[in-house]
Amino acid sequence: MAGVTSISPHTSASSSLHPKFHSSTLAYSFNSSVESTGTKVGKLSRSFRPLRIQNAATKPAKSPAEEDWKIKRQVLLQKKVRSVDVKEALRLTKENNFVILDVRPEAEFKEAHPEGAINVQIYRLIKDWTAWDIARRVAFAFFGIFAGTEENPEFISRVESKLTKDSKIIVACSTGGTTKPTQNLPEGQQSRSFIAAYLLVLNGYTNVYHLEGGLYNWFKEDLPTVSED
């Protein structure tokens, strides 16, 4: 009997580059299967069909946030979600009533965030203890991560409680990502802020921008920052 187990990340995390910058590892998918083959004893032989046992921790159906990056990127480009650098973002908040939507975890937001920003985390710590949630905790632990995260199912409803559909929004996370192709990344690089921007445009938000370089660049440029106790 041979066991086969696979663990694959949906998106990779970056290492810490700045005192106010934190990387966050996102969700992993976990599945396993077991296969049996025939056995032969003396003159008698008994054959078995290959047996595949589906793990009880079956992953739920794919959510919009888990859609392939290639599809997300295409939608973001079609919806003309524009990336702006941190100085342009600061100008837009001061002169054009834009608001920065910080989608990092609440603890990181409280530690430091742009003045006037609001926080709705796109990912949260895994809360439940279903078979699937336990499997994900095991997957994270395999990589030495004991505070695994999951998509925040309340993300859109929380945003809707704070911002109207015609609000001018600049979505920000730690690193930002990019839709621009490079030699090594022909489709650009996914990020939490791009996932959030994708969900916003799917849900009818019409003025969505993206913070290029993320809040790492904001802090690096020493732009107006506040913290909460």
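Predicted model: local features only at pLDDT ≥ 70, side-chain atom pairs only at ≥ 80, totals over all residues.

1. Helices and strands here are DSSP runs numbered from the N terminus, where a helix (H or I) has at least four residues and a strand (E) at least two.

2. The average pLDDT of the protein chain is 76, and 61% of the residues score at least 70.

3. As for the overall picture, the protein chain has seven helices and 13 strands, and 41% of its 229 residues count as buried. Among the contacts with a separation of 6 or more, 69% are accounted for by residues 24 or more positions apart. The chain exposes about 13,300 Å², of which carbon and sulfur atoms supply 51%.

4. Helix 2 deserves a careful look, and its buried residues are Val 86, Ala 89, Leu 90 and Leu 92. Seen down the helix axis, these buried residues fall within an arc of 160°, and therefore they line one face of helix 2. They pack against strand 5, strand 11, strand 12 and helix 7, whereas the face turned away from the buried side carries the exposed residues Lys 87, Lys 94 and Glu 95.

5. The two ends of helix 2 can be described as well. At its start, a side-chain oxygen of Asp 85 reaches to within 3.2 Å of the backbone nitrogen of Lys 87, and the helix is followed by Asn 97, which has a positive phi near 60°.

6. Which residues does Asn 96 contact, leaving aside its neighbours within four places in sequence? They are Arg 91 and Lys 168, and the C-alpha atoms of Asn 96 and Lys 168 are separated by 8.3 Å although the two residues are 72 residues apart along the chain. Asn 96 itself lies in the loop between helix 2 and strand 6, where it counts as partly exposed because its relative accessibility is 28%.

7. Two residues have a backbone angle that a student may wish to check. Most residues other than glycine have a negative phi. Asn 97 is not a glycine, yet it has a positive phi of about 60°, and with a relative accessible area of 68% it is exposed. Asp 222, found in the loop between helix 7 and strand 13, has a positive phi of about 55° although it is not a glycine either, and it counts as exposed at 67% relative accessibility.

8. Is helix 6 enclosed or open to the outside? Because 10 of its 11 residues are buried, helix 6 is largely enclosed by the rest of the structure; the buried residues include Arg 192, Phe 194, Tyr 198 and Val 201. Just after helix 6, Gly 204 takes a positive phi of about 95°.

9. Finally, Thr 179 lies in the loop between strand 11 and helix 6, and at 15% relative accessibility it counts as buried. Leaving aside neighbours within four places in sequence, Thr 179 is in contact with Trp 69, Arg 73, Leu 77, Glu 187, Gly 188 and Phe 194, and Phe 194 is one of the buried residues of helix 6.

Note on methods: Residues numbered from 1 in each chain as written. Heavy atoms only, no water. Buried < 20%, exposed > 50% of the residue type's maximum accessible area, 1.4 Å probe, protein only. Contact = heavy atoms within 4.5 Å. Areas by Shrake-Rupley, 256 points an atom, 1.4 Å probe, with all protein chains shown as cover. Arc of directions from axis to C-beta. Polar contact = N/O pair within 3.5 Å; in protein donor to acceptor, adjacent residues only side chain to side chain. pLDDT = per-residue confidence, 0-100.
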